[in-house]
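Here is a short briefing for a first look at this structure. It covers charged pairs, then nonpolar cores.

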Amino acid sequence: MLAVLAVAALASGVAIGPASIPWGELLASPIVRELRLPRTLLAFIVGGSLASAGTGLQGLLRNPLADPFLLGLSGGASLGAVLAIALGWGGPWSLPVAAFAGALVAMALVYRLGLVAGGALDPRIMLLAGVAVGAFAAAVTTAIVSLAEATQLRNAFLWLWGGLSGASWQTLGVMALYVPIPVAVLAAAARPLDLLALGEEPARYLGADVERVKRRVYLAASLLTAAAVAVSGVIGFVGLVVPHLGRLVWGHRHRVLLPAAFVGGGTLLTFADTLARTAVAPRELPVGIVTALVGVPVFALLLRRWTAA
Amino acid sequence: MILELREVSFRYPGAPRAALEGVSLGLGPGEFVAVLGPNGSGKTTLVRVALGAVRPMAGSVLVAGRPVHTWTPRALARIVAVVPQREEQAFPLRVRDAVLLGRYPHLSPWARAGQGDYRAAARALAAVDAEDLADRWIDTLSGGEYQRVRLARALAQEPRLLVLDEPTVSLDLRHEMELFERARRLAGVGGPGVLLITHHVNLAARFADRVLVLHRGHSVGQGRPADVLTRERVARVFEWPVAIAPFEGAPQIVPLRTRESSG
């Protein structure tokens, strides 16, 4: 079922676009080969990364409402990107690198603040630290944007809402090499994440090396998110809604949930990006707006369900 | 000896007095030992020290003859299983999957659960008469059912020592008795040793081979219930006057009303 949806999403991403291309000529078309195909595949990888990261962080924080951006990563990445734009380094390579660097700084700060006595990571303190780091980064970002010129402002604004228009075979190649590593780390932590849902001490008594699991999950989820933000800006709600839907459909066993979330997240973002490209063609909506327009109502429904139970 | 505590002391950071002070305890295969004491006497700290969750400031803890902190968490979980006093249900599972969590220390990281694991989980569910609960969601169980399932998860670990930390706190009389009877049956020849943490003096006296009485972190008596549970000692430790009488060979206490005791 999910596989069918995923294939449909990928097919629609390749087949549908502002320029109408007959079915028979799809594979021969340079538009498809150079633009739509890498972009569709990148959307899938980015969506999958965000959903995997969200699933891992929910398990780590034992909170179904955690998402990849909760821990200040989007703030750090945004600050890096806006800084690069303001300084005139908004090139196709320098911008992602700046965003990635910003996310890594935020990650390191939150990690450092989350370390308590004895070198243990305290998820509750990480959460507070993430919110604080995010708020600080947002303030600096806004200060920079408010001093920026009009074109810079527009670029920064569009970046902050996410988009995949920068997709190319090169970015796809970098992501295809990078993403499997943290995804594998998360997959290896699937069973310990199930144990962690019982609390840290019970998980330890069942044989989980709790501190190692927390460290690995946090770093893997953060590195996935940082890369996703670097190539596509801040795309909200995929990392929150997809794991949550996955939990409703497949339950909470992370061995099932993590792969399902990757495919589900990829599917959702691929559909969303197709919509973003075509809804107001020839112009483009930031894909973060599409995911938010879909994500907020879904999230509201989930909240109703959650509070009603 | 599966578990051996030698003169163990522990103090929580910033605490005015030690949570444990020079406590020793030995537990052999198939033995049923109860740790008794009022709230705050150091019972749960004893569990945490015994399982290596915290390192004692003095003394040593041996599990299966080796210092507890030299075991990896996985290896330790193959020897000792715990039913903790409290745990969360952040992401509830079906009962069969919850019990299968007990197989974690036996699984290599990438391997799927195999036939042997499913059989061990099924045996564990059968041992607590909970086969009919297998498909239920764990957050829909009653208090008694939930404790049985948690016991099954611990049994699925196939441990040599089973630690039950205040397992009957929220259970009614029948479920409490059932749990004690079950733990008593499990211990014995070929079964795991059982370390039961409780403040139920009477049940401990009837079910345990030996009791250890804790008072403000100190061991104030250890041995057969009939020898250890004297009226003076129980009254002093629980800070309440009691009468005591034997029942089926075990001492049973009756807490007195204050007016009677003041006369």
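E88(B) and R62(A) form a salt bridge through their side chains, at 3.0 Å from N to O. The pair joins two chains, because E88(B) lies in a loop of chain B and R62(A) in a loop of chain A. The model is a predicted one. Across all chains, a search of the whole structure finds 27 salt bridges.

**The bridge between chains**
- The loop that holds E88(B) runs between β6 (80-83) and α3 (95-100) of chain B.
- R62(A) sits in the loop between α2 (30-61) and α3 (73-86) of chain A.
- E88(B) is partly exposed, at 34% relative accessibility.

**A bridge within one helix**
- K214(A) pairs with E211(A) in a salt bridge, and their closest N and O atoms are 2.9 Å apart.
- Both residues belong to helix α11 (residues 210-232) of chain A. They are 3 residues apart, about one turn of the helix.
- K214(A) has a relative accessible area of 1%, so it counts as buried, the cut-off being under 20%.
- E211(A) is partly exposed, with a relative accessible area of 23%.

**A bridge between distant parts of chain B**
- The side chains of E248(B) and R206(B) form a salt bridge at 3.4 Å, N to O.
- This pair links distant parts of the chain, 42 residues apart. E248(B) is in the loop between β11 (242-247) and β12 (250-255), while R206(B) is in helix α7 (residues 201-207).
- E248(B) is exposed, at 66% relative accessibility. R206(B) is partly exposed, with a relative accessible area of 36%.

**A network in chain A**
- Salt bridges link R39(A), D273(A), R277(A) and E284(A) into a network.

**Nonpolar cores**
- In soluble globular proteins, nonpolar side chains tend to be buried together.
- Here, the largest nonpolar core has 130 residues. V46(A), V99(B), L164(B) and L229(B) have the most contacts inside it.
- Helix α11(A) gives this core its largest share, 12 residues.
- Domain 1 (1-79 + 159-224) and domain 2 (91-157) of chain B each supply at least three residues to this core.
- Which residues does L164(B) contact, leaving aside its neighbours within four places in sequence? They are V83(B), L151(B), L179(B), A183(B), V194(B), L195(B), L196(B) and I197(B).
- Another core, of 33 residues, lies apart from the largest one. Among its residues are V8(B), V35(B), A75(B) and I197(B).

Conventions:
Residues numbered from 1 in each chain as written. Chains lettered and ligands numbered in written order. Predicted model: local features only at pLDDT ≥ 70, side-chain atom pairs only at ≥ 80, totals over all residues. Heavy atoms only, no water. Salt bridge = Lys/Arg side-chain N within 4 Å of Asp/Glu carboxyl O. Helix = DSSP H or I, 4+ residues; strand = E, 2+ residues; numbered from the N terminus. Buried < 20%, exposed > 50% of the residue type's maximum accessible area, 1.4 Å probe, protein only. Core = buried A, V, L, I, M, F, W, Y, C linked by side-chain atoms within 4.5 Å. Domains from an automatic or database assignment. Contact = heavy atoms within 4.5 Å.
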